[in-house]
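Thank you all for coming; I would like to walk you slowly through one structure this morning. Please have the picture open as we go.

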Amino acid sequence: MEFPVFFWAALGWMMFWGVLGSIATRYVYLHKDLDTSSTRLLGSMMGAATGPIGLVPLWIKTPEITTRLIIFATLGTLGVFMTAFALADPGNLCVTNGSFVASQISNGVIIGIIYGFMALGLTLIFSILGVVSFAHGEFYMIGGMVTYFMTTVLFPEVTPIVGIAAACILTFMLGALFERLFLTPMYDGRVDRPVEYGILITFGLAFTLQYFVQATVGANPVKAKRFFDFPRLRLPSAEDPWLIKTSRGNMELFETISISNPRFTAAVMCILVFIALMYFLRHTWTGKALRAVSQDRQAAAIAGINPDRMNMLAFALGSMIAALAGAMLVQAFSWLPQVGAIPALRSFVIVVLGGLGSIPGAFLGGIIVGLVEAAGTGCIPDPQKAASYIPAYGMIVLTLTLLLRPTGLLGRKFASGTHGKF
Amino acid sequence: MNKKNIPQMAGAALIAAFAIFPFVYSANDYPYIMHILITGFFYAILASSWSMLAGYAGQFSFGHMGFMGIGAYTTALFSHYLYLTPVPTNLCTEFPIGDMYLIILDPIGITSSTLTQDCLRQALDIWDGSVQVTPMPVWLGIALGTMMGGIFGLLIGLLVLPLRAAYLALFTLGFSEILRATVSAEIAVTRGQAGIELPYLFDNGITLFGHQFDKTDKLPPYFAMFFLLLACLGILTWLAKSKFGLFVRALREDEDAAAALGVNTVRYKVLVFVITSMMAAAAGAMMAHYIRIISPNNLIILQMSLVVAMAVIGGVEHFVAAALGAILLEYMLEYLRNSFEIGPIVVDMTTWRLVVFGILLMLTLRFSPKGLLVPMIDYFKRGHVRKETMAKRNAENTP
C-alpha cells in the first residue's frame, strides 16, 4: 500500500461519523417520537458516507426511513470506501486491472451461490428447531468425503451423480437418526435450557464426527476428480469436423473473466437443487407443512401437522443440504476431516446476515459474503496474509450485522420455536 | 460422621493427595505422570472457569481458548521482544528506564539467521560479550498476560452484551477463529505456525524445601499450576457463594426478570466475562512458559471442544466437578493413547480416543445433563437433607 496513513485516516473518519451517526440518529428519532427500528443502520451508513454533510440534514428533517434511503446510504459508504482504497493504493491490481476485478466479482458470485446454498440448510434447521447446528460443517465434510470415496476410490467409472446421491442419503439418515436419539428431549421440557442443550449436543456431534472420519480415513488431504468437463464450442472445419470439443480447462468469457470448472458446475447444480427445493417447499404438502411449522408451531399443530416429525425432517434435510454443498465442492478443493470448520462459521454469518429463516436472504447473504471474501483475498496487498484472514472477513460482516441490523437483511422480526432471541 | 460432609472431606483429602503426590511417587514414569497432572491442572482451570461462564452465568462462549491464547501470546511476545541493557544499542527502539535501557526488538519473523539478525543480536556482536542483557521477568509477563486477558474479556463482554444463546456462541467462536487467523497470518511478529518460544517458568532454577530444583524439573511448575488452580477454585467458590453468584445465576435463568428485579445485568454479564477470561489467560500464560512454545495450533476448535467436553462430563454447573472432570479426562485421554491390535487390524487410538471422548460427551449430555460427578456429590448432600426433613415430619406427625 502506497499511502497507508491516508487509508487508515479515511477509515477512521468513516468509523467516527458512522458510530456518531448510529448513536445520535437513534437519539434524535427517539426524541421526536418516531420509529427507531432502522435508525442505527441508516445513521451509521449516512455518517460513514457523507460525514456531517448528510447527517445534519437527516437530524433536522428526520424523514421516514425507507429501504431506498438505506440502500443509497449503503452504496454511498461502499463508494467512499472504495475511492479511499483506490486513492491510497493506486498500484493495486484491484484498482488498475479491470479484468481482474471482473474475474474476482464473477468468482465471488459463483462461490457465493454455493455458500448461500450451504447456509440454506442451516437456516432451515434454525427456523424449525430453533437450534444452531454446530455440526453443519461436519455434514459438509462428510458429504465431500462420501462423494470422494464413491467417485474416485470405490467406483471410478460410475457417474458422479451416484456419489452425490450416496452422500445425500447417508447424511439424511444420519441427521434423522441423530435428531431422534439426541434432540427429542428438547421439545418436551426434559432439559432445563433447550437452546444451550442444542448448542452443546451438536457441538459434541461435530467433534465426534470429525474425529470419526479422521480415524477411519486418515488426516491426509484427498482430492476428487472433477465431475464434468466443459464443452468447448468451435466452428466445424475440415480437420476438426466435430462441433463440440471437451476441455478440462477454465471457462474464459470475453477473454477476461476466468471461471474454474469445478466451481461453475457446483454453482449450476446448486441452483438446480435450489429450484427443486423451492418447488418442494412451496408446492408439496410436506414442504408447506415445514414452512407452517417454521412460522407458527402451535397453529401448525392445530392444523394437523406433527411438529416433531417436521423437526426430524428439517434436521435431516438441513444436514443433507450441507452434505450436498460439500459433495459439489469436493472437486474444487482438497478435502480434510477438518475442512468443515470455516464453511460452518461462514454459514452462520450468512444466516445472520440474510435474516433468520429467510431462504432468499440466505442466498443474498451468501453472494454478499462471497463478494466480500473475493474482495478481501484479491485486494489485500500481501496475498499470503489475505488468504490467512479468510475467516475474518465473514466475521467483520457478522459484527456489523449484529450491531447495525440484528434482524438481518430480509429477516422476520420474530419466528416461532425456542430461538436464541436477542 | 455426617454424611453431608463427605464431599468436603473428599475434596480436602484430594488436595492433600495432590500436594504430597510428587514427593511419594517415584516410579520410572515420574516426569510423564507429572506432565499429565500439570496439563490436567491447566485444563481444570479452563474447565472450571468456563463452567462459571457457561454453567453459572449461562453465557455459552466458545472463545475461552482465545482468551487463553491472549494470555499465552502476551507473555510470549513480552519475553521475546523486550530486554533490559545497561548501555544503549543505538540500533533498536529503546527507552531509558532508570539507569537501564528498555530494548524493543524489531520483528523480523523467521528469516535465515545469516541474512537478517534482530537489532539486539547485532548489538551483541558489536559488544562482543562485554554487556549483560537482562530478559524480562517471567512473572511480570504472566501478570501482563492475565491483565490483557481481562482487557479483552471486557471488550468481548461489552460487544456480546445484546447477544444471547446461539448468537453469543457464534460470535465468540468467530472471535477465537479471528485470533487464530491473525496469529497465523502475522508471521513477522508471531512466527505464524512455527510458534513462538518462551523461557522456562523458573529460568534460573529455584530452591524449594531446601532442595535446589533445576529449570527442567517438573516439581516447581507442578506446584505453580496447582496453586493457580486452587486460587481460581477459591475465587470461584467465593464468588458463587456471594451475591455475585446469585445475580449471575439469575442472569442465566431469565435476564429480563433479573433486570426487572434490580440486578445490574450489564455489570454482572461483563464482570463474569472479565473474571473468567483473566483465569483462562493466567492459565494459558503459565502453561506457555511450562511447555515453552505457543503456536496457533493451541487455539484450534479441538482445544475448545476438549474444555467443553471436560466441563460437561464433570458437571457444567459445578466448577469443582468440572475441574475434577478435567483432571480425570486428561488422564483418561493419555491412558487411551496406547494403540492396540484386534487380530490383523491395528487400532490407532490417538484419534479414536477423541471419538470415544465425543460419544461420552453426547451420552452425558443426553442421559445425565448435570455431568457424571455432580450426581455423586448431590447424592451425599441430598441424602442428608432428605433424612432431616423426614425426621422433622416424623416429629410433627407424632405429637
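Predicted model: local features only at pLDDT ≥ 70, side-chain atom pairs only at ≥ 80, totals over all residues.

Let me begin with two strands of chain B, strand 1 and strand 3, which pair in the antiparallel sense over 4 bridges; strands here are DSSP runs of E with at least two residues, helices are runs of H or I with at least four residues, and both are numbered from the N terminus. Two strands are said to pair if DSSP finds at least two bridges between them. Residues are numbered from 1 along each chain as its sequence is written, and chains are lettered from A and ligands numbered from 1 in the order in which they are written.

Within strand 3 of chain B, Leu102(B) is the bridge partner of Leu84(B), and Leu102(B) also has Phe95(B) standing opposite. Leu84(B) in turn stands opposite Thr134(B) in strand 4 of chain B, where strand 1 (residues 82-85) and strand 4 run antiparallel and are joined by 2 bridges.

What is the order of the 4 strands in the open sheet of chain B? The order is 2-3-1-4, with antiparallel pairing. Strand 2 and strand 4 (134-135) of chain B each have a single partner strand and stand at the edges, so one side of each is left without a neighbour in the sheet.

Turning to helices, the axes of helix 9 (residues 243-253) and helix 11 (residues 265-291) of chain B come within 10 Å and cross at roughly 100°, the axes being lines fitted to C-alpha atoms over the stretch in contact, with angles running from 0 to 180 degrees between N-to-C directions. That makes helix 9 of chain B roughly perpendicular to helix 11 of chain B, given that 65 to 115 degrees counts as roughly perpendicular, under 35 as roughly parallel, over 145 as roughly antiparallel and the rest as oblique. Among the residues making this contact are Phe247(B) and Leu251(B) of helix 9 and Tyr268(B) of helix 11, where contact requires C-beta atoms, placed from the backbone, to lie within 7 Å.

Finally, the two chains meet: 32 residues of chain A are in contact with 34 residues of chain B. On the side of chain A that touches chain B, helix 9 of chain A gives the most, with 15 residues.

I will finish with Ala395(B), which lies in helix 15 (residues 374-397) of chain B. Is Ala395(B) buried or exposed? Ala395(B) is exposed, because 9 other C-beta atoms lie within 10 Å; 12 or fewer counts as exposed, 20 or more as buried, and in between as partly exposed, with C-beta atoms placed from the backbone.
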